[in-house]
Amino acid sequence: MSDLFAVPSDGPTTTVGARPVTAADATPALSWRGGQLWRDGAPHRILAGAVHYFRVHPDQWEDRLRRLAAMGANTVDTYVAWNFHERAEGDVRFDGWRDLERFIRLAGEVGLDVFVRPSPYICAEWSNGGIPFWLSGRVDALRTSDPAFLAAVDAWYDALLPRLVPLQAAYGGPIVAIQVENEYGSFGSDAAYLAHLRDGLRRRGMVELLTTADGITPDMIAHGSVPGAMTTFTFGTGVPVAASLRREGEALMCSELWGGWFDHWGERHHVRSAESMGGTVRELLDEGGSLSLYMAHGGTNFGLWNGANHDRVLQPTVTSYDSDAPIGEDGTLGEKFHALRSMLAPFHARALPPVPPQPRRQSAAVAALTPAASLLEVVRRTPARGGRSPRPLTFEELGVEDGFVAYEADIAFPDGATLTVDGLHDRAVVFLDDERLGVLERDGETSLALPSAAGHGRLTLLVESLGRINYGPYTGEGKGIQRGVLIGRRFVNGWTHRPLPQTPPVTEVPAGAGVDGAAVASFDVAEPLDAWLAFPGGGKGLVWLNGFLLGRYWRIGPQETLYAPAPLWRVGRNEIVVLDTDGLGAKVEIREAPSFGETEEFIGS
């Protein structure tokens, strides 16, 4: 069986050189038959590694792609994160860090094919699974044939796909495969939705090999597959099971072979040995299969792009997406890199590119962290958005993607009163006037005692989104206060909202200090190089380097250092700003090596 029947006889016109061509003129690079992939009349294997352009500084894209080629890959696999390109509805961006076409062209220049995965949903431990928050905030039936969802997907495809069409191998570009949806068989059962995506790709001129990707159970394959797209698998181990589940004529491919794993805050750092990973890779190669190693280079969830899981409790993902990958977060080449290079080299007609040198790093240094403003001072300097509301509004209603919103209301309370937040997503620091009362958490304590004597005052709840859920039935859940705030059984009404911007909260250091809040430090460097930043004694904070939001630290671990890539540094003075909700430390350290915390062996699930 081949997927070629799904290519329309005509379709949109693209231009190659000065010659307009249609899909009918195009010959896809890859097809399948007889249990194999074929290219130019010969058997072919995809030997891919996942590298996400949105997790790597664009000045480092070429370096990471060259490291991937030196590892023995012939293909780079990347998702396309919809919400990274369309943060505000209708404002679709493909410039700067979002220049997907540049990333794909660079891959081709390095000598790599591209396996692009532009599903509306990507999972990927990425905020909201890649679905824009403004869409999930108004559409309940995500990833279905719901007309409102499909209309938004179609508008996104209308913006995205014309940029990808001329980059396909059929027109001389590097794209050889396109994924229709991502692990849909573990989420839904709407066959019409999958067909809509498939047909939308073809109708807009995507002529290359189409794939789906699902876990290795018959039920997942049954509900995640669609005619005209080759079924592929995701697993850490399980080659024999995958081989038994592939459909007639299809080539065996693992689109996500988990060579490592991601981390949640409060857990251990997950690792997988080179021997364990290599065993599964070798087993798949011996079975004649193709693969994409997930991840080959993980990169970083810069800013607030990390996702979260929910398994009885919220499990927010850490800032690092190192994933114990063969190519480390800063490009370091580990034992897995060399093991894969040895295994994959025999599948290349030419010698692999030479092994790149290990990256250089800043020398160790320490700088004092100077308090600049308390947490409440930061809140009170932030303008309110809109007028007063009878009930607290959600992040979505306020147009807030992630980060913090301060909820304020004037309250009166009796003796022995209890304050409860109903539907807290995800964490709130609570103040009454200038007094900090405590912290409430979504799946922990959501109530606290107000002062024992009757009184009144200004209530402030600084609510933080810890990461939008990216996998499972809770994908698309809202953030902020979902239902209300009660004193005893009585709702609190009359709310003001102050969304904190995702820019540094201070630029100068005024008089004043606090045990929590904003603080600044500076480093003088002679050369911009990679660095690892640590915040000993800090509680839980956001970190900006020269105005760029690196991400979070949190004393619960496991991650102990934040990656600060070379392109963000400048010769001379560099400013670091911290906003800590749980207790400022006294210093910032530049370290020469990362610390991801206590480890445990893990192969995915």
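Me: Where is Asp433 found?
Reply: Asp433 is in the loop between E21 and strand E22 (435-441). Helices (H or I, at least four residues) and strands (E, at least two) are DSSP runs, numbered from the N terminus.

Me: What sort of model is this?
Reply: This is a predicted model, where local features need pLDDT of at least 70 and side-chain atom pairs count only at pLDDT 80 or more, while totals for chains, interfaces and linings use all residues. Residues are numbered from 1 along each chain as its sequence is written, and side-chain values use heavy atoms, with hydrogens and water left out.

Me: Back to Asp433. What is its phi?
Reply: Phi of Asp433 is positive, about 55°, although the residue is not a glycine.

Me: How accessible is Asp433?
Reply: Asp433 has 35% relative accessibility, so it counts as partly exposed. Buried means under 20% relative accessible area, exposed over 50%, and partly exposed in between (1.4 Å probe, protein chains only).

Me: And Arg143, what is its phi?
Reply: Near 60°, a positive value in a residue other than glycine. Arg143 is in the loop between helix H4 (133-136) and H5.

Me: Is Arg143 buried or exposed?
Reply: Arg143 is buried, with a relative accessible area of 2%.

Me: Which ring does Arg143 lie over?
Reply: Arg143 lies over the face of Tyr121, 3.6 Å from the ring centre. The criterion is NZ of Lys or CZ of Arg within 6 Å of the ring centre and within 35 degrees of the ring normal. The charged end of Arg55 also sits over a ring, that of Tyr321, at 3.6 Å from its centre.

Me: Switching to ring pairs. How many aromatic pairs are there?
Reply: The structure holds 28. Rings of Phe, Tyr and Trp (its six-membered ring) pair if their centres lie within 6.5 Å; planes under 30 degrees apart count as stacked, over 60 as edge-to-face and the rest as tilted.

Me: Why is the pair Trp61 and Phe103 called edge-to-face?
Reply: Their planes are at 80°, so the pair is edge-to-face, with centres 5.4 Å apart. Trp61 lies in helix H1 (residues 61-71) and Phe103 in helix H3 (residues 100-110), so the pair ties together parts that are 42 residues apart in sequence. Trp61 is buried at 0% relative accessibility. Phe103 is buried too, at 1%.

Me: What about Trp82 and Trp156, how are they arranged?
Reply: Trp82 and Trp156 are stacked, at 5.8 Å centre to centre and 10° between the planes. Trp82 is in helix H2 (residues 82-85) and Trp156 in helix H5 (residues 147-164), 74 residues apart. Both are buried.

Me: Which residues do ring pairs link into a cluster?
Reply: Tyr53, Phe54, Trp61, Phe84, Phe103, Trp126 and Trp305.

Me: On to H10. Which residues of H10 are buried?
Reply: In helix H10 (residues 335-344), Lys336, Phe337, Leu340, Arg341, Met343 and Leu344 are buried. Seen down the axis of H10, they fall within an arc of 165°, so they line one face of the helix. The arc is that of the directions from the helix axis to the C-beta atoms. An α-helix has 3.6 residues a turn, so residues three or four places apart point the same way.

Me: What is exposed on the other side of H10?
Reply: Glu335 and Ser342.

Me: And what covers the buried residues of H10?
Reply: The cover includes strand E6 (47-51), H1, helix H9 (274-286) and strand E14 (290-297). Contact means heavy atoms within 4.5 Å.

Me: Which peptide bond is cis, ending at Met295?
Reply: The one from Tyr294 to Met295, with omega near -5°. Met295 lies in strand E14. The bond from His425 to Asp426 is cis as well, with omega near 25°. Asp426 lies in the loop between strand E20 (418-425) and strand E21 (427-432).

Me: Now the sheet side. How many residues of E19 are buried?
Reply: Eight of the ten residues of strand E19 (residues 404-413) are buried.

Me: How does E19 pair with E24?
Reply: E19 and strand E24 (residues 455-464) pair in the antiparallel sense over ten bridges. Two strands pair if DSSP finds at least two bridges between them. Glu408 has Thr460 as its bridge partner in E24. E19 also runs antiparallel to strand E28 (residues 496-499), joined by four bridges. There, Ala406 stands opposite Arg498.
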